[in-house]
Amino acid sequence: MADIAAPNSAVATRGRNSLHKLVQRKSTVAFLMALPLILLITILVAYPAGYAVWLSMLNKSMTKFVGFGNFQFLFKRETFWEIVAQSCLFALTAVLFKAMIGFVVAHFVNNIPTKGQRKWRGMLLVPWVIPAAMSTLSWLWLFDPSYSAFNWIFAHIGLPKISWLGEAGWARFSVILVNVWAGAPFFLIMYLAALKSVPEQLYEAASIDGATWWQRIWYVTLPMMRNIIAITILFSTIVTFANFDIVRVLTSGGPLTATHVFATWAFKVGIESGDIPLGATVSLFMVPILAVAATFILRDISKRGSEV
Amino acid sequence: MANAAIATAGAPTRPARYGSISQSRRWALRWSYFFLTLFAIFFLMPPFYMLVTALKSKEEIAAITNPWWVYSPTLSNFIELLTQNQYLIFFRNSALVSICVVVVTMLISVIAAFSLARMKFWGSAALATGVFLTYLIPDTLLFIPLFKMMTFVRETTGIELVNHWWTLCIIYPTLTVPFCTWIMIGYFASIPKELDEAALIDGATWMQTLTKIFIPVALPGIIAATIFCFTVSWAQFLYPLAFTTSTTELVLPVGIVTTLIKGDVFNWGQIMAGALLGAAPPLIIYAFLMDYYIAGLTAGATKG
Amino acid sequence: MAQVSLRKVIKKYDEVLAVRGVDLDIADKEFIVLVGPSGCGKSTTLRMIAGLEEISGGDIAIGGDVVNDVPPKDRDIAMVFQNYALYPHMNVYENMSFGLKLKKTPKQVIDQRVRTAAGILDITELLDRKPKQLSGGQRQRVAMGRAIVRDPKVFLFDEPLSNLDAKLRVQMRTEIKKVHQKVRTTTVYVTHDQVEAMTLADRVVVMNAGLIEQVGTPNDLYHSPATKFVAGFIGSPAMNFIPCQLEQAAGALRVRLNDKLAFPVPEGRSSRYSAYAGKPSLVLGLRPEHIAETRPHTEPNQHDFEQMIEVVEPMGMETLVYFTINGAEVCGRVNPNAGATAERPMKLRADLSNMHLIDDTTGKVI
């Protein structure tokens, strides 16, 4: 197979020319097969990513190069810093709660007899399957200012009405809640897969060594799952940090700018207000965090690659 | 509840002298079911509420009866939607875009994955890593430059890309191809090397090895990748929101969000019915192909 | 009609020479076994014959035609892999007919050939099963069937039995021999198991570190190994190697093992060995079966000695005894009733007529 195409035939000279052609042809075929992929990545991903950097250095009408002018402009605006804080807060708390809920629920599912696990797993993954824009609509309706089904329950048990999306604090809470609701099942599935891969004998050995339920989790489960936990958190951080759908449908960034994140604000500034360079600048602020997460993921993957 | 049956079936059947252990196990089991039920309520509440609202008439919604229950269920919301031209257009656009993207993605990524996993060429290892890196670049970073690129295309060639549903067929593969290629590389790499050597000796060309050996053998992976691809295309929200505006060009998620919400509060029944129908295709696929769906979901991190 | 010949064949991976110049002529219809420890280059040699590895130097000819640049499918060979490499999504029939189908062979011809091969291998009732539903031995048969169906010039086997359990391996070994007797196709068979090599081969090729050590019939290799490596590799338990000196005493050559122990060299060999008298780093090679318990009557070249037995391993048919001479662990095969006991001295008899004298500096048998 691939070895035939390996270009390592420098020893003999006689009768190798036709083989060389063959070698060339084979790797050419391979290259051609990957060409659509290469074109797609360069034209529609790599180029736009670089183009975003260029755009961020133009003025609003895109006629003049302004260097870091857009960045300087943003640094001076209070709204921008509010959005930095909100983006980080949302991502951190949402990922934290997703990870915790996912971990706990995965344990409960793993705890029950194998027969029933499939059914429970199937039910608990539903939030992940429904397109985010669709499910957020139902949350929007649950949070409706006058018809909120939560407030109806609160009224019945004597609690005051809450303005879920109208008040900055509650709006932020709601955005995080929906984020956690939609993302926790992903953690659940990943953890469950990891839990299944921990050999039963390890638990039995730990029990014989006298480990309590909690010690078993701490000394056996967590170390065995460390890799999966890390990579799931990194993936989720990227997705949550760059999230657009939930905030857009739920609050459109409001009240005022209290729930805007980079993605939604970039959309508002770049597409809706037509200031493409400024929008590009805002979206570029996601890059540092994404880059850090991506580096860690790549390191983890190459590390596992070398273990194999 | 139905759990009771499982609980008794799964209860330990050990001799009585181990009673204390089985006792504590039984309690652990009960607590597990208790909390699982709580979480299931939390996770399933919004879709349930969607359904309840979708079955209500405008009058019932306006009457502020118990919002969690429907007293006189009606299908009028669904009927109204499905007889409305606009909604059917959204649905058609979504279906066309998703199917188109699935076909394009699978063609590109299966062939590329085969080349990267098995044939190798100069730089192929770096490309494999690059593919994965691309998967990590979110849509929210690319939509502005892509939007600008489209206006550039219009200015230079006169081809209008903005506000056409088929433009999405070109854009969506950026979201699906990297991941599908990545997991297909993983599946192909797990096929023993001897299998393609045997095919080579049997006289198969590279293309025949791919179509007659690799694709059938890696079929579970291909199904998982296809499902992933379809659900991502179906659910994509940002690109269509940014690139399409006319009601004839909208896809379902954007169509529902932008056209059905018109300040008419009593229209929520219809909105929920629309959202429910919009969520139906992925849910149906999930219900029937759950194992493949989950395989695709976990493949990104566990293979590789 | 299909002899295979290798001329100075070299395989280089980056800067590492895996095969360092192999010359080998395989006659038509011959069953050749390449044997050697892992990493000796035997599999690489086979894969070069198959065309799965490009050769870095030399020539390979099949049926008289140089095939250096010919792709595997045009070399008219068939290969059986260690893990069988059956296509998991095809049933047995489809697996066996895949190659012919790609060649656009007419349907009736394919059907007839598959059924003939299935008959030879006794797998006719398995034809519509998937590989998953087959046992290890059955998969092995199907893999052979796939090779037979193509009616190639050469069969190549790459450690085909190593994935089977011990009992099945013996059974399949016989099976392979039977099949070869029926179809009589030139066969190159790679294994690391010397028993497989001895039982199957017309000629055995012993390889070590990328070179051929010796080519010969199983009996040749066993009785007159050319090198210490072959002597030690063929035969189980392995040949004993005892450091020794050759001394000239009273006109006769003697092999001295230690202060107490010295055996006269058999007469016929004196002239061959005399040049080595007094030289250092000589090794006496003596197979375990040539060390036995003493018996009443003596034959020429048999010499009694007494030794403290260290370990006794009863095997049923025979008993293996282990002891140390001149720092080397020595194994002998004695009668189970000879009363061998650990940590007790025992009277033994060495049969020097089958001795080998090895020059340890060159590794050659003198």
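Residues are numbered from 1 along each chain as its sequence is written, while chains are lettered from A and ligands numbered from 1 in the order in which they are written. Because the model is predicted, local features need pLDDT of at least 70 and side-chain atom pairs count only at pLDDT 80 or more, whereas totals for chains, interfaces and linings use all residues.

Of the 304 residues in chain B, 51% are buried; a residue is buried if 20 or more other C-beta atoms lie within 10 Å of its own, exposed if 12 or fewer, and partly exposed in between, with C-beta atoms placed from the backbone. Two residues are in contact if their C-beta atoms, placed from the backbone, lie within 7 Å. Among the contacts in chain B with a separation of 6 or more, 76% join residues 24 or more positions apart.

Chain B meets both of the other chains discussed here. Towards chain A, 84 residues of chain B are in contact with 81 residues of chain A. Helix 2 (residues 19-54) of chain B gives the largest share of the chain B side, 15 residues. That side divides into 63 nonpolar, 15 polar and 6 charged residues; here Ala, Val, Leu, Ile, Met, Phe, Trp, Tyr, Cys and Pro count as nonpolar, Asp, Glu, Lys and Arg as charged, and the others, Gly among them, as polar. The contact between chain C and chain B takes 17 residues from chain C and 14 residues from chain B. On the chain C side, strand 6 (77-80) and helix 2 (92-102) are the elements that give two or more residues, and the classes are 12 nonpolar, 3 polar and 2 charged.

In chain A, helix 13 (residues 262-272) is mostly covered, with 8 of its 11 residues buried. Among those buried are A:F262, A:W265 and A:F267. The cover includes helix 4 (78-111), helix 12 (245-250) and helix 14 (276-284) of chain A, together with helix 7 (139-157) and helix 13 (238-243) of chain B. Just after helix 13 of chain A, A:G274 takes a positive phi of about 75°.

The largest nonpolar core has 283 residues; such a core is a set of buried Ala, Val, Leu, Ile, Met, Phe, Trp, Tyr and Cys residues joined through C-beta atoms within 7 Å. A:L137, A:Y191, C:V33, C:L156 and C:V188 touch the most other members. Helix 9 (residues 168-196) of chain A gives the largest share of this core, 16 residues. Not counting residues up to four places away in sequence, C:V188 touches residues including C:L46, C:I49 and C:L156. C:L46 and C:I49 belong to helix 1 of chain C and are buried. Of the 9 residues in helix 1 (residues 42-50) of chain C, 9 are buried, and C:G51, with a positive phi near 90°, follows this helix.

Chain C is assigned domain 1 (4-232) and domain 2 (240-365), with bounds from an automatic or database domain assignment. Their centres, taken over C-alpha atoms, are 39 Å apart. In the contact between them, 7 residues of domain 1 meet 8 residues of domain 2.

Definitions and conventions
Helix = DSSP H or I, 4+ residues; strand = E, 2+ residues; numbered from the N terminus.
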